[in-house]
Amino acid sequence: MIDLASLGQVYIVCGKTDMRRGIDSLACIVKEQFDLDPMSGKIFIFCGGRKDRFKALYWDDQGFWLLYKRFENGKLDWPNNQDEVRELTAKQVDWLMKGFSIQPKINDAKGREFY
């Protein structure tokens, strides 16, 4: 498994992204929608509406990498806010790569959820 966190800081772009987009249009989203530099060495992760796959955009000082991961079973628990980008910890990146939620929920004895 690729360790994205070892490459640099990882951000997820919340909400759904058209997974037909390529490097240039994903870099444009990072720059224009969130005022971040896609050539900063940070990793930006995008998820589509099906929530069973994501793309990661990474600049390595020579060019862009576009990584694509599809889960064969299950769906990702992806944040829905279209206007948000979130910085992930190394642990959250590991959870994401394994298909787990980046915000584990804990139920109390009455079935209420806590984050």
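This is a predicted model: local features need pLDDT of at least 70, side-chain atom pairs count only at pLDDT 80 or more; totals for chains, interfaces and linings use all residues.
Let's start with strand E1, residues 10-13. Val10 and Ile12 point one way from E1, while Tyr11 and Val13 point the other way, and all of these are buried.

Now look at what E1 pairs with. With E2, the pairing is parallel and runs over three bridges, and Val10 is the residue that stands opposite Ile43 in E2. To get from E1 to E2, the chain passes through helix H1 (residues 23-34), and this β-α-β crossover is right-handed. E1 also pairs with E5, this time in the antiparallel sense and over four bridges. There, Ile12 has Arg86 of E5 as its bridge partner. Keep Arg86 in mind, as its side chain comes up again below.

Next up is helix H2, which spans residues 90-97 and has Gln92, Val93, Leu96 and Met97 buried. Why do these four lie on the same side of H2? Because they cover an arc of only 135° around the axis. As for what covers the buried residues of H2, the list includes strands E1 (10-13), E2 (43-47), E3 (53-59), E4 (64-70) and E5 (85-88). After H2 comes Gly99, with a positive phi near 90°.

That leaves the charged side chains. In general, side chains of opposite charge can pair when their charged atoms come close. One links Lys98 to Asp94, with the closest N and O atoms 3.1 Å apart. Lys98 is partly exposed at 45% relative accessibility, and Asp94 is partly exposed too, at 23%.

Back to Arg86: its side chain meets that of Glu84 in a salt bridge, at 3.3 Å from N to O. Arg86 has 24% relative accessibility, so it counts as partly exposed, and Glu84, with a relative accessible area of 25%, is partly exposed as well. The cut-off for buried is under 20%.

The remaining one of these joins Arg20 and Asp18, at 2.8 Å from N to O. Which of its two ends is exposed, and which partly exposed? Arg20 is exposed, because its relative accessible area is 75% and exposed means over 50%. Asp18, at 32%, counts as partly exposed.

Notes: Residues are numbered from 1 along each chain as its sequence is written. Side-chain values use heavy atoms; hydrogens and water are left out. A salt bridge is a side-chain nitrogen of Lys or Arg within 4 Å of a carboxyl oxygen of Asp or Glu. Buried means under 20% relative accessible area, exposed over 50%, partly exposed in between (1.4 Å probe, protein chains only). Helices (H or I, at least four residues) and strands (E, at least two) are DSSP runs, numbered from the N terminus. The arc is that of the directions from the helix axis to the C-beta atoms. Contact means heavy atoms within 4.5 Å. Two strands pair if DSSP finds at least two bridges between them. A crossover is right-handed if, with the strands pointing away from the viewer, the path from the first strand over the helix to the second runs clockwise.
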